[in-house]
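This report describes selected parts of one protein chain. Keep the sequence and the 3D view open while reading.

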Amino acid sequence: MVFLKKEFIRDCVFFACLVSCLLMAKPLLAEPNKDISPQERCPVCGMFVAKYPDWITQVRLNNTTVKYFDGVKDMMAFTHNPASFGASGQTPQEIWVKDYYTLAWLDGRSAWYVIGSDVYGPMGHEFIPFSSAAAAENFRKDHKGTKVIRFDEITEPLVQSMRHGQKMR
């Protein structure tokens, strides 16, 4: 009888631990959308994003809607203030950018970005994303970049300074 009670208690503790781990676990990132309609427009500047496949970025919001952008700069403007671009009450859950050299999708929050380089995106000055610090640093040196930064260092004032005077190319 005592043995059965110990087994029951052990099973209950195991089950409680399992449930708490599942409830606390952060969901894994889904895959970015790979088929992007030619009609998709950047919610920040209005450009058709499919015209610039190497520069496309995307954000999946907490309501599962996906927004597409013609570059990191406009994506960051949206991310800092979704309500200004028609997504009131929504927050970015997933952020996807393409590595500049490989064009592979990567989690935008873990990317390295070069600013101030001589490489321009569809709307002028751009945050150039990379999957590694080494690749970003090599690009910075080769293309006269001013700095390598992380996602959390991209502030709204920095985004706005890069957007100032932007024009479609």
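## The model

The structure is a predicted model. Angles and distances in this report are therefore values computed from a prediction.

## The sheet

Three strands, in the order β6-β5-β7, form an open sheet with antiparallel pairing. β6 and β7 stand at the edges and have a single partner strand each, so one side of each has no neighbour in the sheet. On average, neighbouring strands here are turned by 35° against each other, with direction ignored.

The pairing of β5 with β7 can be followed in more detail. The two strands run antiparallel and are joined by 4 bridges. Which residue of β7 is the bridge partner of Y113? The partner is I149.

## Helix α3 on the sheet

Helix α3 covers residues 133-142. The helix lies across β5, β6 and β7, and runs at about 10° to β5.

Which residues of α3 are buried? They are A135, A136 and F139. Viewed down the axis of α3, these buried residues fall within an arc of 100°, so they line one face of the helix.

Is K144 buried or exposed? The relative accessible area of K144 is 62%. The cut-off for exposed is over 50%, so K144 is exposed.

T64 is another residue other than glycine with a positive phi, in this case near 75°. T64 is located in the loop between β1 (57-61) and β2 (66-69). With a relative accessibility of 59%, T64 also counts as exposed.

## Helices α2 and α4

Two packed helices are described by the angle between their axes and the distance between the axes. For helix α2 (residues 72-80) and helix α4 (residues 156-163), the axes come within 10 Å and cross at roughly 140°. That angle makes α2 oblique to α4. The crossing of α2 past α4 is left-handed.

Which residues meet where α2 and α4 are in contact? On the α2 side they are K73, D74, M76, A77 and H80. On the α4 side they are E156, V159, Q160, M162 and R163.

T155 and H80 are 75 residues apart in sequence, while their C-alpha atoms are 8.0 Å apart. T155 is found in the loop between β7 and α4. Its relative accessibility is 36%, so T155 counts as partly exposed.

How values were computed: Residues are numbered from 1 along each chain as its sequence is written. This is a predicted model: local features need pLDDT of at least 70, side-chain atom pairs count only at pLDDT 80 or more; totals for chains, interfaces and linings use all residues. Side-chain values use heavy atoms; hydrogens and water are left out. Buried means under 20% relative accessible area, exposed over 50%, partly exposed in between (1.4 Å probe, protein chains only). The arc is that of the directions from the helix axis to the C-beta atoms. Two strands pair if DSSP finds at least two bridges between them. Axes are lines fitted to C-alpha atoms, for helices over the stretch in contact, and angles run from 0 to 180 degrees between N-to-C directions. Contact means heavy atoms within 4.5 Å. Angles under 35 degrees count as roughly parallel, over 145 as roughly antiparallel, 65 to 115 as roughly perpendicular and the rest as oblique. A crossing is left-handed if the near helix is turned anticlockwise from the far one by less than a right angle, and right-handed if clockwise.
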